[in-house]
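Please consult the sequence and the structure shown below while reading.

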Amino acid sequence: MNEARIDFYVTVQHIAYRLFFYHLGYLYHKYIEKYDKLNNLLYFIIIFALQALLIVITNGNIGISMWNANYNNLKTYPIMALITPLTGIFLWLRISKILVPSFKDSKLINFISKNTWSVMVHHQMVFILINLLLLSCYQVFHIFSDFNVEEFRTQIWYIYKLFGYHNFALIYAFFGLAIPLCIKYVLQRLSTRNVVIKYMAKIF
């Protein structure tokens with residue numbers, strides 16, 4: 001894997017790319033969502049047809065990678081970096097809408113949906129903490145001997161694969177979701193006791 005770039009250009013591009021979708025979500029919720037009434041069958045046909053067209057146009061290279069600000073065929077197909085994610089976003093928007101009747105009264109689902117900011121901001125920190133724990137186990141107890149120290153030191157996205165299984169990434173995903181939400185829940189429960197904790201609960 002190539003070494004990560006840390007130049008200012010990469011930082012600016014990442015921020016600008018993410019802000020586009022952040023504000024698009026706000027615009028959708030305020031101005032477009034009320035007109036999103038297309039029946040499910042036609043909706044999914046349009047989404048999958050558009051994705052199939054994108055696959056043909058890009059010769060199958062439809063994925064968008066933000067690694068080192070390299071968006072695959074961005075120079076050849078610059079619009080793909082916007083259209084490809086949008087097809088996925090609108091796909092899951094409709095799936096979420098379909099699932100609303102089944103989960104709208106779930107306290108857990110409502111709590112998660114209201115605190116996705118906490119997960120988005122802190123999940124990477126959790127991944128790093130997991131790696132630090134695994135590294136400590138390797139150095140102190142001499143287990144997880146295949147933990148790649150060099151990759152951990154140089155690659156922010158390093159994920160340890162127990163016994164070589166890629167599915168071990170699900171452990172990272174679970175704790176990346178659960179730990180920020182647990183901290184948020186505890187802070188909210190304690191927020192009535194202390195002004196500082198109340199402020200922390202708001203910004204976490």
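## Salt bridges

A salt bridge is counted when a side-chain nitrogen of Lys or Arg lies within 4 Å of a carboxyl oxygen of Asp or Glu. The model is predicted, so local features need pLDDT of at least 70 and side-chain atom pairs count only at pLDDT 80 or more, whereas totals for chains, interfaces and linings use all residues. Residues are numbered from 1 along each chain as its sequence is written, and side-chain values use heavy atoms, with hydrogens and water left out.

A search of the whole structure finds three salt bridges. They are described in turn below.

Aspartate 36 forms a salt bridge with arginine 94, and the closest N and O atoms are 2.8 Å apart. This pair links distant parts of the chain, 58 residues apart: aspartate 36 is in the loop between helix H1 (8–32) and helix H2 (40–57), while arginine 94 is in helix H3 (residues 80–103). Helices here are DSSP runs (H or I, at least four residues), numbered from the N terminus. Both aspartate 36 and arginine 94 are buried, a term that means under 20% relative accessible area, with exposed meaning over 50% and partly exposed in between (1.4 Å probe, protein chains only).

Aspartate 36 also meets the side chain of lysine 97 in a salt bridge, at 3.6 Å from N to O. Lysine 97 lies in helix H3 and aspartate 36 in the loop between H1 and H2, so this pair ties together parts that are 61 residues apart in sequence. Aspartate 36 has a relative accessibility of 13%, whereas lysine 97 is partly exposed at 33%.

In another salt bridge, the side chains of glutamate 150 and arginine 153 meet at 2.9 Å, N to O. The two residues are separated by about one helical turn because they are three residues apart in helix H6. Glutamate 150 is partly exposed, at 46% relative accessibility, and arginine 153 is exposed, at 60%. Elsewhere, salt bridges that share partners join Asp36, Arg94 and Lys97 into one network.

## Positive phi angles in loops

Most residues other than glycine have a negative phi. Histidine 142, which is not a glycine, has a positive phi of about 60 degrees. Histidine 142 lies in the loop between helix H5 (116–141) and helix H6 (149–154) and is exposed, with a relative accessible area of 63%.

Phenylalanine 163 is not a glycine either, yet has a positive phi of about 55 degrees. Phenylalanine 163 lies in the loop between H6 and helix H7 (169–190), where it is exposed at 69% relative accessible area.
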